[in-house]
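Here's a quick tour for anyone opening this one up for the first time. Have a look at the chain, then read on.

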Amino acid sequence: MHHVFSDLEGLRIAVEMERRGEDFYRRAARVSRAQETVALLNSLADDEVLHGREFQRLFDLTCAQRGDCADEAYSSETNAYLSAIAADIVFPGGLMGLRESGFENSRAVLTTAIASEKDSILFYTELAACARDAQTRATFMEIARQERGHLARLLNKLAALNEGVPEPEKSQEG
C-alpha cells in the first residue's frame with residue numbers, strides 16, 4: 001500500500017506509532033499470564049511512552065521552527081488516516097500476530113518488538129530521504145537514530161534471555 005503525506009504528517013505518524021506501540025504492549029500485558037512476560041511488556045510500553053514524548057517534542061519543535069503548524073490540529077479523519085498508516089508499519093498482525101507465538105513467551109515478545117523497531121527504522125530512514133528540507137530530514141534521522149538505540153537494547157535483552165543471563169537494569173535513556 002502506498003501512502004502520500006507531508007513531512008509534518010510523517011512526524012505526526014512517528015508520535016502515533018509510539019502511542020500504538022504502548023497500547024499494543026499494555027493490551028498484551030493484560031492478556032499474558034506469565035509474570036516475567038507481563039513485566040517485560042509493561043517495560044516495553046513504558047519505553048514507548050518515553051519515545052512518544054520525545055517524538056512529540058521533535059514534532060512541536062519542527063512546527064515552531066516552521067511557524068506554520070504550531071496551532072494546527074488534525075481532523076478526526078486525518079487522525080484516523082495517520083493511525084491506520086502507523087498500524088500498517090508497527091505490529092501489522094496486532095495482538096493476534098503475537099498470540100500465534102505466545103503471550104507467555106518473552107522471546108516471542110522481544111522478537112516481535114525487534115521486528116517492529118526494524119520496520120520503524122526503515123520507515124524513518126525513507127522519510128528522511130524524501131524530506132523536503134534539511135531540518136525535517138535531520139529530525140527523521142534523529143528519530144531513526146533513537147530507534148536504532150532502542151533496537152540495540154532489545155537485541156541485548158534477547159541475547160541475555162537466550163544465554164540465561166539476568167537482564168541489566170533498565171536505563172533512563174528513551
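How many aromatic pairs does the structure hold? There are three of them, and we'll get to one in detail below. Keep in mind that what you're looking at is a predicted model. As for the overall make-up, the protein chain has six helices and zero strands, so to read it from the N terminus on is to go α-α-α-α-α-α. Of its 174 residues, 44% count as buried.

**The aromatic pairs**

- The structure's aromatic pairs come to three, and one of them is made by Phe-55 and Tyr-124, whose ring centres are 6.3 Å apart.
- Is that pair stacked or edge-to-face? The planes of the Phe-55 and Tyr-124 rings stand at 75°, so the pair is edge-to-face; the cut-off for that label is over 60 degrees.
- This pair links distant parts of the chain, as Phe-55 sits in helix 2 and Tyr-124 in helix 5, 69 residues apart.
- Phe-55 is buried, because its relative accessible area is 1% and anything under 20% counts that way.
- Tyr-124 is buried too, with a relative accessible area of 0%.
- Phe-123 joins in as well: ring pairs tie Phe-55, Phe-123 and Tyr-124 together into a cluster.

**Helix 2, end to end**

- Helix 2 covers residues 35-66, which is 32 residues.
- How far does helix 2 reach from its first C-alpha to its last? The span is 46 Å, close to the 46 Å expected at 1.5 Å a residue.
- Just after helix 2 comes Gly-67, which takes a positive phi of about 70°.
- Phe-59 has its place in helix 2, and it is buried, with a relative accessible area of 8%.
- The C-alpha of Phe-59 is 8.2 Å from that of Val-15, although the two residues are 44 apart along the chain.
- Thr-62 also lies in helix 2, and at 2% relative accessibility Thr-62 counts as buried.
- Thr-62 and Leu-8 are 54 residues apart along the chain, yet their C-alpha atoms are separated by 8.1 Å.

**How helix 5 packs with helix 2**

- Helix 2 and helix 5 pack at an angle of about 20°, and their axes are 9 Å apart.
- That angle makes helix 2 roughly parallel to helix 5, because the cut-off for roughly parallel is under 35 degrees.
- The crossing of helix 2 and helix 5 is right-handed.

**How helix 5 packs with helix 6**

- Helix 5 takes in residues 106-130 and helix 6 takes in residues 134-163; they pack at an angle of about 160°, with axes 9 Å apart.
- Are helix 5 and helix 6 roughly parallel or roughly antiparallel? They are roughly antiparallel to each other, because an angle over 145 degrees counts as such.
- Helix 5 passes helix 6 in a left-handed crossing.
- The residues in the contact of helix 5 with helix 6 divide into 16 nonpolar, six polar and seven charged.
- Ala-129 lies in helix 5, and at 60% relative accessibility Ala-129 counts as exposed.
- Ala-129 and Met-141 are twelve residues apart along the chain, and their C-alpha atoms are separated by 9.1 Å.

**Where helix 1 comes in**

- Helix 1 runs over residues 7-31 and packs with helix 6 at an angle of about 20°, the axes being 10 Å apart.
- That makes helix 1 roughly parallel to helix 6.
- What is the handedness of the crossing where helix 1 passes helix 6? It's left-handed.
- Arg-19 has its place in helix 1. Is Arg-19 buried or partly exposed? At 42% relative accessibility, Arg-19 counts as partly exposed.

Terms used
Residues numbered from 1 in each chain as written. Predicted model: local features only at pLDDT ≥ 70, side-chain atom pairs only at ≥ 80, totals over all residues. Heavy atoms only, no water. Helix = DSSP H or I, 4+ residues; strand = E, 2+ residues; numbered from the N terminus. Expected span 1.5 Å × (residues − 1). Axes fitted to C-alpha atoms, helices over the stretch in contact; angles between N-to-C directions. Parallel < 35°, antiparallel > 145°, perpendicular 65-115°, else oblique. Left-handed = near helix turned anticlockwise from the far one by under 90°. Nonpolar A, V, L, I, M, F, W, Y, C, P; charged D, E, K, R; others polar. Phe/Tyr/Trp six-rings, centres within 6.5 Å; stacked < 30°, edge-to-face > 60°. Buried < 20%, exposed > 50% of the residue type's maximum accessible area, 1.4 Å probe, protein only.
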